[in-house]
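Please consult the sequence and the model alongside it.

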Amino acid sequence: MSRYPALNQFNRPPIVVTDNDVLSGRGVNIAAHPGNERFRTLVTTRADENYCEGYSATEKKAVAEEIIHHIASLDPPGRFLKREGRGQVSRGLNGPWEELSRKEALKKTCQALRDCNRNDRETYANGVAAPDDVKAVADEIATGAATQGVSLKDLAARSVVESSERTQEKLREAMQEAGVPDDQIEEQLKRQRADPTYVIPGFAMTSQGTFAPISNPGYGHQPSIMEMMGPDGVPVQHQVVLPMPGQMPGLYSQYPHPAMDMPPIDPEAVAAARVAAGYVHPNDLEKQKAAAAEAVTNAEEDHEATEAAVAAAQEAEAEAEDTEV
């Protein structure tokens, strides 16, 4: 994050930490925070000796998504927080705080899962009492594994499918709320099911795991409208038409660049300027040296030929005189 906050951050109310929040930082106060203790005990419900080597990246991410989803489903919803700005010297639970992005929360959770399942971290979360909601999760996982005869890895594979279904449902709700036609919604969701890396244009995931429209991408051949935020964080009513994806300007078309926006170069004018400045390109210099050497050689050969011709003429003239005598 930039050390210079944006305009709307000055008017944003400060974040008040609750017992359900997971805090980033070091120290006894951070580690003993109820939200952090819940987080560590929740991670231990997924302790599996095969996690580090046997789980795929998609399965690890799905397990982390489940943990984040559980934290967010609490009342009040739990958040992943870090101290706002750089160089903060606040201690304990003093702020100011800001929410981690979805990517940062996933990274933190995946790191906790790795630490929990490492052989040298067997004491992870030892001595921490699990709250009732975490006990319920642990019982559900144990019961499901026992009754269905599946391993934790199999449950992780199922979590991948469930996570994809939750994402699809959240995207559907966001697109319906934004007024996207039903046929376009189905087409976009179909594309994402075929390719999970496909990003539906105009929608972005928030830190809470929901989706929000960042612009109306022009579905149904309607002009795109950008949503602008005021200094108090409230959207401002306006009508700014955005270009369609095929008309979207590139970086170099928005900002002038001397290498791309200058008029075409005239080769003849460049050559004349080089001559006037006395500049000779190294390649041309080599050519000039070769031409000069060849000219010297030719001149020497011409000189020898001239001398031979003069000598022959003198001999012929001498023979002519002898003949007359």
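Predicted model: local features only at pLDDT ≥ 70, side-chain atom pairs only at ≥ 80, totals over all residues.

Q: How many helices and strands does the protein have?
A: Helices (H or I, at least four residues) and strands (E, at least two) are DSSP runs numbered from the N terminus. The protein has 13 helices and nine strands.

Q: What share of the residues counts as buried?
A: Buried means under 20% relative accessible area, exposed over 50%, and partly exposed in between (1.4 Å probe, protein chains only). Of the 325 residues, 27% are buried.

Q: How many salt bridges are found in the whole structure?
A: Side chains of opposite charge can pair when their charged atoms come close. A salt bridge is a side-chain nitrogen of Lys or Arg within 4 Å of a carboxyl oxygen of Asp or Glu. A search of the whole structure finds eight. One of these joins Asp-21 and Arg-79, at 2.7 Å from N to O. That pair links distant parts of the chain, 58 residues apart: Asp-21 is in the loop between helix H1 (7-10) and strand E1 (22-23), and Arg-79 is in the loop between helix H5 (57-72) and strand E2 (80-83).

Q: Is Asp-21 buried or exposed?
A: Asp-21 counts as buried, because its relative accessibility is 0%.

Q: Which residue forms a salt bridge with Glu-66?
A: The partner is Arg-46, with the closest N and O atoms 2.3 Å apart. Glu-66 lies in helix H5, whereas Arg-46 lies in the loop between helix H3 (34-44) and helix H4 (51-54). Arg-46 is buried at 8% relative accessible area, but Glu-66 is partly exposed at 21%.

Q: Which residues are linked in a network of salt bridges?
A: Lys-82, Glu-98 and Glu-104 are linked in this way.

Q: Which residues form the negative surface patch?
A: Patches are made of residues with over 30% relative accessible area and no salt bridge; like charges are joined within 9 Å, and nonpolar side chains (Val, Leu, Ile, Met, Phe, Trp, Tyr) within 5 Å. Here, Glu-300, Glu-301, Asp-302, Glu-304 and Glu-307 form a negative patch. Glu-300 belongs to helix H13 (residues 282-324) and is partly exposed, with a relative accessible area of 47%.

Note on methods:
Residues numbered from 1 in each chain as written. Heavy atoms only, no water. Areas by Shrake-Rupley, 256 points an atom, 1.4 Å probe, with all protein chains shown as cover. Lys, Arg positive; Asp, Glu negative; His and termini not counted. Charge placed at Lys NZ, Arg CZ, Asp CG, Glu CD.
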